[in-house]
Amino acid sequence: MAFAPFAAAAWLFVIGLYGVVSSQNLVRTVLSLTVVQSSTYLVLLGVGYRHAAKAPIVADIPTTSRLVDPVTQVLVLTDVVIEATVIALLLALVVQAHKRFGTVDPAKLRALRD
Amino acid sequence: MTALQAVALLLVVAAGTAIVFISDPLRQTLVLSIFGLTLTLLFFVLQAPDVALSQLVVGSVGMPVIILAALRKIAQHASARERHEEDGE
Amino acid sequence: MSRRGRLLLFGCAGSGLLAVLVIGLHGLPPFGDFHGAYGLLVDRLEPGRRHATDIVTALNFDLRAFDTLGEEFILFASVTGVALLLRHLRDEEDEPPRRSVDDHRFAGASDALRLLSLILIPLLVSLGVYLALHGALTPGGGFQAGVVLAAGPLAILLAGRYLALKRVAPHWAVEALDGIGALAYAAIGLGGLIFASAYLENFLPLGTSGHLLSGGMMPLNSIAVGLEVTGAFLLTWTEFLDQDLLVARGEL
């Protein structure tokens, strides 16, 4: 039971990769990438958690109470906002590909290139 | 691991798996919003309120608007292309 | 390679990857039992040394401010990439797209939506400003506040008035917001170089813990990042939405 978050993260990673490999629409590929990203959030937050500990905000609890590790939270926090813009960049590339070749199917795009 | 954390984790896994197996990108965007919501719940239960706030605003406002706007642009180019081909004939 | 062949190959490789991941993740400390020294030290020492009650924001904007600078510029670069790609796309069009059958559906919004966005806009703006200023005290900070503030003009857009959005958030203003936010963060770091001993080191008075102006340069950094994230998201949204509604509205 203690391994559950990490197992869930590994499962999300592989299922997201399956979505990338098997999709026939480039937009679906990009959306499956978000699932892969969230698996990393799970691993980071799962590592930093401590049993029966509180959130790292000491406004109303004594500063010597048992707190969750804050460093892993910092990594995930900025990452969540920034990955949204990276997904926007990928979608702009998809829109550009559609404009040029008229299709968002990766198989047909390869045929056009050859 | 408390019962609440276990339930939240299960919901996250279910929503993540659902995203991959839906075929229409528009429906996938809606499930992506729900996935963001389940992630918010999980982050909150793992004692990370800052991260939960971040994921909530990005998953409900930031990402779906970007994806829907991109889908609309693709649909618009597709209909413009069809009109071009009709005029050319 | 055919699609079936590709999926079969992934079936083998994917299960192998899953097995390797599970074996690798077993090496981590068990869930709930983490003893990382850095985190423990920060939890103990930070409230006394930096007078901020939100330890995550203190890490983000003061103790590990350099990492946030790098991440902020990743954001900046992605948004610049989106703007370049979509503007190049727009310049290539030989004619503006004509109005298609379903364009008129968005150009007008129902009264309920207009009323709701009227109520939402002041709530969103005040919530965003609250989150940005109270980053050092309660959960919040520049990143969250930036997205919430960007949702304000988006509510105007949802009410169907795209040209009103262009007046409230024109292109030059949104780009300027993005650039000024990034520049302000880097410039505050220079203040650390000039008045203290290192780049991005705190050089402002720390104030008392729990008050609004505590934490030295943390609120300033938070506001700078908030401005940048607002500009980035608004720029991305307007770039993607640009031609659709303009045409529909012009022909009404």
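Colleague: How many residues does the contact take from chain C and from chain A?

Modeller: That contact takes 48 residues from chain C and 42 residues from chain A, where two residues are in contact if their C-beta atoms, placed from the backbone, lie within 7 Å. Bear in mind that this is a predicted model, where local features need pLDDT of at least 70, side-chain atom pairs count only at pLDDT 80 or more, and totals for chains, interfaces and linings use all residues. Residues are numbered from 1 along each chain as its sequence is written, with chains lettered from A and ligands numbered from 1 in the order in which they are written.

Colleague: Now chain B. How many residues go into its contact with chain A?

Modeller: 33 residues from chain B and 40 residues from chain A. On the chain B side, α3(B) gives the most, with 16 residues. By class, that side has 22 nonpolar, 8 polar and 3 charged residues.

Colleague: And how do α1(B) and α2(B) pack?

Modeller: Their axes, lines fitted to C-alpha atoms over the stretch in contact, are 9 Å apart, at an angle of about 160°. That makes α1(B) roughly antiparallel to α2(B), since angles over 145 degrees count as such; angles run from 0 to 180 degrees between N-to-C directions.

Colleague: Which residues make that contact?

Modeller: Among them are Leu4(B), Leu11(B) and Ile19(B) of α1(B), and Val31(B), Phe35(B) and Leu42(B) of α2(B). The contact of α1(B) with α2(B) has 16 nonpolar, 4 polar and no charged residues.

Colleague: Switching topic: where does Leu120(C) sit?

Modeller: In helix α6 of chain C, residues 111–133. Leu120(C) is partly exposed, with 18 other C-beta atoms within 10 Å; 20 or more would be buried, 12 or fewer exposed.

Colleague: How far apart are Leu120(C) and Thr208(C)?

Modeller: They're 88 residues apart in sequence and 34 Å apart in space, C-alpha to C-alpha.

Notes: Helix = DSSP H or I, 4+ residues; strand = E, 2+ residues; numbered from the N terminus. Nonpolar A, V, L, I, M, F, W, Y, C, P; charged D, E, K, R; others polar. Parallel < 35°, antiparallel > 145°, perpendicular 65-115°, else oblique.
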